[in-house]
Amino acid sequence: MKILLTGGTGALGQYLSVYLADHLDCTVYITSRQPRQYARPNIVAITANAMNYPELIKLLQEQHFDLCIDFMIHPNVPAFAELSSQILPLVGHYIFLSSSRAYADCAELITEDKPLLSDVYNDPAYQSSNDYSWYKGKEEHVLQQGKHSNFTIIRPCIHFASRRLQLCTLEASVLLPSIFFSKPVVIPTECLKKTAPWAWSGNSAPQIGAIVANLDQCRREVFNIGWSEHLTWEQVAQLYAQLAGLSVIAVPTELLKREIYGMGPVWQLELDRLLNRRYSCAKVLSLQGAPAPTTFKSTAEALKLELNHASRLTREIPLDAGYLYAIERLVAKLQRRA
C-alpha cells in the first residue's frame with residue numbers, strides 16, 4: 001500500500017507515519033517543503049508544497065496512492081471544494097482531518113452524531129469570521145454532499161507532542177520559553193474546571209491506523225480521534241507544574257481579552273476552551289480494540305516524555321515574543337496591584 005501524508009510532519013503525523021510503517025505492509029510518503037530523511041526505509045520524504053494545489057494534483061497524477069491522509073489546513077472552502085473534487089478520483093481513499101473544535105457546545109458525551117458549530121451557531125460575527133472550526137465543518141459538508149464515497153472524516157481532539165504543547169489557548173511557542181526562563185503564564189480562571197479534550201499523539205496514532213486497516217468499513221464515516229482522560233485544564237496546569245515547574249496564574253477572562261487577546265471575540269476560547277468537552281472515541285475503539293500495553297501511556301507519562309524531548313529542541317521551536325511580552329506586562333500589573 002502506498003500512503004501519502006500531506007503535511008504529516010506535525011504532532012499527529014510524526015507518530016502516525018511510524019505506526020503505519022511498523023504495523024502495515026506499506027510505504028509512507030510524507031510531503032514537506034524542506035528536504036528530509038527518515039531512518040525507516042519505508043518512510044519516504046517528498047519535497048513538495050502540498051498547499052500549492054496544482055503541484056499536489058500533479059504529484060497525485062504521477063504516482064498512484066492507495067491512500068491520502070490530509071493534514072493540511074484549507075481555510076478557503078470553495079478552493080477546498082475544487083481541490084477535493086480533483087483528489088478523490090486520483091486516490092484509492094482520502095482521509096480528511098477535521099477537528100473536535102468543529103463541535104457545538106454539548107452537555108453530553110461528544111459522539112460523532114452531535115451537531116457542528118457551522119450548522120447551529122448563528123452568531124453573524126462567527127459566521128463571517130472564517131474561524132478554523134467554521135471552515136472545518138463546512139469542508140466536511142463539501143465531502144458529504146459530493147458524489148464520491150472513498151473518503152473518511154476524522155475529528156482529532158487537541159493533541160500534544162514535543163513541538164505542540166498546549167495549556168488552554170497557550171501553545172509551545174509560549175509554554176516552552178516560559179518553562180526554560182522560569183516565567184509565569186496566565187490562563188482564564190473560567191477555564192480551570194472545564195474538561196479538556198487533550199490527548200497524546202502517540203496514543204492516537206493506532207486509532208487512525210485502525211481506520212487505515214479497515215478502509216472498506218470506513219467509507220463516508222466520521223470518527224473522533226484521541227484517547228482523553230477528561231482532565232480539567234486546572235489538572236493539566238498542575239501536570240506542567242509538577243513535571244516542568246511551570247507557574248500558572250489564573251485571571252478573569254475579560255481581563256485577558258482586554259490585555260492580551262484584544263477586545264473582539266476569541267472563538268477558540270469562547271467556543272471550545274471555556275466549554276466542557278467530554279469526548280468519546282468509542283466508535284474508533286470498536287475498530288482498534290484495546291490499546292497495546294507496551295505502547296500506551298498515561299497523560300502524565302506522555303507529557304513527561306514530550307517535555308524531555310522538547311528540552312532538546314529549544315532552538316528549533318520558535319517563541320512568540322509578542323505574546324510573551326504581553327503576559328509579562330500583565331503579570332507586572334497584577335503584582336503592582338497586590
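Q: At what angle do helix H9 and helix H13 pack, and how far apart are their axes?
A: Helices (H or I, at least four residues) and strands (E, at least two) are DSSP runs, numbered from the N terminus. Axes are lines fitted to C-alpha atoms, for helices over the stretch in contact, and angles run from 0 to 180 degrees between N-to-C directions. H9 covers residues 233-244 and H13 covers residues 299-310. They pack at an angle of about 50 degrees, with their axes 10 Å apart.

This is a predicted model, in which local features need pLDDT of at least 70 and side-chain atom pairs count only at pLDDT 80 or more, while totals for chains, interfaces and linings use all residues. Residues are numbered from 1 along each chain as its sequence is written, and side-chain values use heavy atoms, with hydrogens and water left out.

Q: Which word describes how H9 and H13 lie to each other?
A: Angles under 35 degrees count as roughly parallel, over 145 as roughly antiparallel, 65 to 115 as roughly perpendicular and the rest as oblique. The angle between H9 and H13 is about 50 degrees. The two helices, H9 and H13, are therefore oblique.

Q: Which residues of H13 does H9 meet?
A: Contact means heavy atoms within 4.5 Å. From H9 come Leu-239, Tyr-240, Leu-243 and Ala-244. On the H13 side they meet Thr-299, Ala-300, Leu-303, Lys-304 and Leu-307.

Q: Is the crossing of H3 and H6 left-handed or right-handed?
A: Helix H3 (residues 77-87) and helix H6 (residues 132-144) pack at an angle of about 35 degrees, with their axes 10 Å apart. A crossing is left-handed if the near helix is turned anticlockwise from the far one by less than a right angle, and right-handed if clockwise. H3 passes H6 in a crossing that is right-handed.

Q: How many of the 9 residues of H10 are buried?
A: The buried residues of H10 include Leu-255, Leu-256 and Ile-260. Among the elements that cover them are strand S11 (248-251), helix H11 (267-273) and H14. H10 is largely enclosed by the rest of the structure, because the number of its residues that are buried is 7 of the 9.

Q: Which residues does Met-51 contact, leaving aside neighbours within four places in sequence?
A: Met-51 sits in the loop between strand S3 (43-47) and helix H2 (53-62). At 33% relative accessibility, Met-51 counts as partly exposed. Its contacts are Met-72, Ile-73 and His-74.

Q: What is the relative accessible area of Thr-195?
A: Thr-195 lies in the loop between S8 and S9. Not counting residues up to four places away in sequence, Thr-195 touches residues including His-230, Leu-231 and Asn-276. Thr-195 is buried, and its relative accessible area is 10%.

Methods: Buried < 20%, exposed > 50% of the residue type's maximum accessible area, 1.4 Å probe, protein only.
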